[in-house]
Amino acid sequence: MKKLVLVLSVLLLATIQLFAAGAQEKASQEEVTLSVMWFNDANESDVFMDTIADYLAENPHVKIDMQVVAFSDYEQKLKLMISGGNPPDVARVTNNHLAALISSLEPIEGYVDDVKAVETQFMPASVAFAKDDKGILRAYPTEATANGMIVNKTAFDNAGIDVAKLSETWTWDQWEEAARKVIAANDKIKYGLAVDFTPHRFSTLMFQMGGRFMNSEQSAMQFNNPGTLAAIEMFKRYHDTGLIPKSVWLGSENPAELFQAGIVASHIGGSWNINTYNQNVKDFEWIVVHNPKGAIVSSVPGGKFIASFKDSKNKEEAQRLMAVFSDKTHNEQYCRDTFNLSARVDSEVQYPSNSEDFARFQIDLTKTPAFTANEWKHPVVNKVSTYIREQVVEVLIGNISAQEAVKRVDERAATFF
Amino acid sequence: MKPKRQKGNFHQTITPLLFLLPNMVIFVLFIIVPAFQGLRMSFMRWGIFTDPKFVGIANFKELLGDSVFWVTFRNTLVYSVSVVLLLVVVSLILALLLKRNSLMGEKIFRAVFYIPSLLSMIAVGIAWRFVLGDEMGVLNHVVRSFGGDGINWLTDGRLAMTSVILVSGWALSGYYMVIFISGLQAIPTDLYEAARIDGSTPWKTFWLVTLPLLKSTVLVVVVLSTIASFKAYELIFAMTKGGPGYATKFIVQQVYQVAFMEDRMGYASAMSIVLMVVIGVFTAMQFVFSGKDQGYE
């Protein structure tokens, strides 16, 4: 009898185990719909879906609900979703978004075996952006971006200037001299330079002229410094003397459209413009050149990232997808097809074209001081960035002096410390 | 003696209330509750990801010394007064021209003038930026093809403000035209007949018959367009981003910037409360100045 009870008990236990395992397997295969929020510089949302196609094929229980939002509305929408307790499972974010949102992101730790090993796979600047103030990694870097100069090579050729060679050592004075020759030699070229209507792109000039946003300890804003003043004054002089069209910073015209139309010789944009110009520029040859030297040579590092949120509904699956999307193979595919610089240190992206252009961005990034990334990572710089842009425009219009502008910015920023 | 109000039966009383109930629920949930929430928030220091902290009237005190807020306030007033005047005049003229339904193609014209008000204001703003842009704009392309230098429609502060006022007038006058047409069609035709027999000129008829009898419609148009103009944002932002400088920056854009860029929800709420009070005062003034006798009934 005892034996019978024992056998029955064993059988019962085995049956329970069997059912439990079956239920677990069923649960793990339950359909999961990941909500993914994305913005496009060009075709990134399509390439993202292509890149993870193999992951979705291997995991048929995972579905993607992709929501593509215009970049101008993106941050506000994300903030409202987060504050409403309903963030997406996965979102594409920039380093500027990270400065504002990092505390709401789910840490990577806990979803990978060794988070330190993950960190070593990416460029230090990208990892710095993706970490919070306690040093916890909260996003996977995907693309590295660099601000820089793109020129109409055909127009420079017409003026007898080998712009690629000249740019290896040029200063802003030499750029100005060359730009005036280009305008004189080309009927269609009206201006020397267009700079994106963002404080981030303006900071390219500012860092090059030796300026900065904050003091070195980052304990206070210090926009009032000789380098920043020199950059604002140079920017105004270029506007006043017709080297830069007023329509961009005063009339919010799109500088990329002016460049594509062939009426400006150079454009300070960034590595993300390569994809757009490959698709849209057909009438002339363009190349990326090195940034002109002011006090120093500098680009502005930035990046794009993929992250999940503390309140996301499907964090486990989201983290799995992000890890796969950020691995070497998938990241190389994504960066190749979107014409972006990879944020991985081991990346060997074989671009179908523009290899030299990417190389120039990379070289300028290596010359860029580390504080440029740290300043753009600071939340106060992010908060006052629109105010900075407004003050620069006030100087360009002639309503205030550069000195007054930097003073106002420091005063405004002081309220956030 | 005051006549005694007649009580209706239960169905007569409750049925209209039931019909109104869904609208009332939506109104309370999406207008009244958020308005009170906004008022509460205006006394807080609060970031979108941080806990609110009561600060009394500190936000309102700070507003008094905020020069950017007062620039946007002045811009909003200039824009609002100009747009309301423009809308009343243009849409009334259009309505007078198109009220009779007797001209050839009149329905087509009505539709053509009305269509812009159906479009997204962002789309309208972007489209007009393509028309008025300094370098890439269609209008300047035409000007330059005739040997001109191009006009700084959006890069000169005064011209930029004029441009956004005119474009707003273009975009919205069709909507108010329809309101005026319904008002004009409600005026009894025998009054016009009597005026004609008395030898009144069309101009005199307009001043002495049409306009007095259109008073209530004018008030509706003025109130609606004033409220809309104080809240203007999408069209102007798409056209000028508030520039050049602060030339076309209005209160709503500043509220957005302070709330979502600077992460100061409490301070932005204080600005919104001031805006709400100003709109309320303007609306009340319009009712007071328009007098008690609103109609011809």
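The model is predicted, and local features need pLDDT of at least 70, side-chain atom pairs count only at pLDDT 80 or more, and totals for chains, interfaces and linings use all residues. Residues are numbered from 1 along each chain as its sequence is written, chains are lettered from A and ligands numbered from 1 in the order in which they are written, and side-chain values use heavy atoms, with hydrogens and water left out.

Let us begin with chain B. Its C-alpha trace spans about 70 × 70 × 30 Å along its principal axes. Chain B holds 13 helices and two strands; here helices (H or I, at least four residues) and strands (E, at least two) are DSSP runs, numbered from the N terminus. Of its 297 residues, 41% count as buried. Buried means under 20% relative accessible area, exposed means over 50%, and partly exposed lies in between (1.4 Å probe, protein chains only).

Now turn to chain A and look at helix H10, residues 172-185. This helix has 14 residues and reaches 20 Å from its first C-alpha to its last, close to the 20 Å expected at 1.5 Å a residue. The expected span is 1.5 Å times one less than the number of residues. Several residues of H10(A) are buried, among them Trp172(A), Trp175(A) and Glu176(A).

What holds the most contacts inside the largest nonpolar core? Phe213(A) and Trp249(A) do, in a core of 131 residues. A nonpolar core is a set of buried Ala, Val, Leu, Ile, Met, Phe, Trp, Tyr and Cys residues joined through side-chain atoms within 4.5 Å. Helix H20(A) gives the most to this core, with nine residues. The core also draws at least three residues from each of domain 1 (32-145 + 302-356) and domain 2 (147-301 + 365-414) of chain A, with domain bounds that come from an automatic or database domain assignment. In soluble globular proteins, nonpolar side chains tend to be buried together.

Next come the empty spaces. Rolling a probe the size of a water molecule over the atoms shows where empty space is left. On a 1 Å grid over the protein atoms alone, a cavity is a set of points where a 1.4 Å probe fits but cannot get out, while a pocket is an open set with protein on both sides within 12 Å along at least five of seven lines; lining residues have an atom within 4 Å of a point. Grid points are joined across faces, edges and corners, and a volume is the space filled by probe spheres set on the points.

The whole structure has three cavities of 30 Å³ or more. The largest cavity contains about 120 Å³ of space and is lined by 16 residues, with Phe197(A), Lys241(B), Gly242(B), Gly243(B) and Gly245(B) nearest its centre. Helix H20 (residues 379-397) of chain A supplies the largest share of this lining, three residues. By class, the lining has five nonpolar, seven polar and four charged residues; Ala, Val, Leu, Ile, Met, Phe, Trp, Tyr, Cys and Pro count as nonpolar, Asp, Glu, Lys and Arg as charged, and the others, Gly among them, as polar.

The second largest cavity has a volume of about 60 Å³. Its lining includes Ser252(A) and Glu253(A), together with Arg129(B) and Phe130(B).

The second largest pocket has a volume of about 1,100 Å³. Of its 25 lining residues, Pro34(B), Ala35(B), Gly38(B), Val255(B) and Ser272(B) lie nearest the centre. Helix H1 (10-41), helix H12 (251-261) and helix H13 (265-289) of chain B are the elements that give two or more residues to this lining. The lining divides into 19 nonpolar, five polar and one charged.

Finally, follow the backbone. Most residues other than glycine have a negative phi, and most peptide bonds are trans. The bond from Gly243(B) to Pro244(B) is cis, with omega near 0 degrees, and Pro244(B) sits in the loop between helix H11 (234-240) and H12 of chain B. Gln218(A), not a glycine, has a positive phi of about 60 degrees; at 24% relative accessibility, Gln218(A) counts as partly exposed. Phe339(A), also not a glycine, has a positive phi of about 55 degrees, and is buried at 12% relative accessible area.
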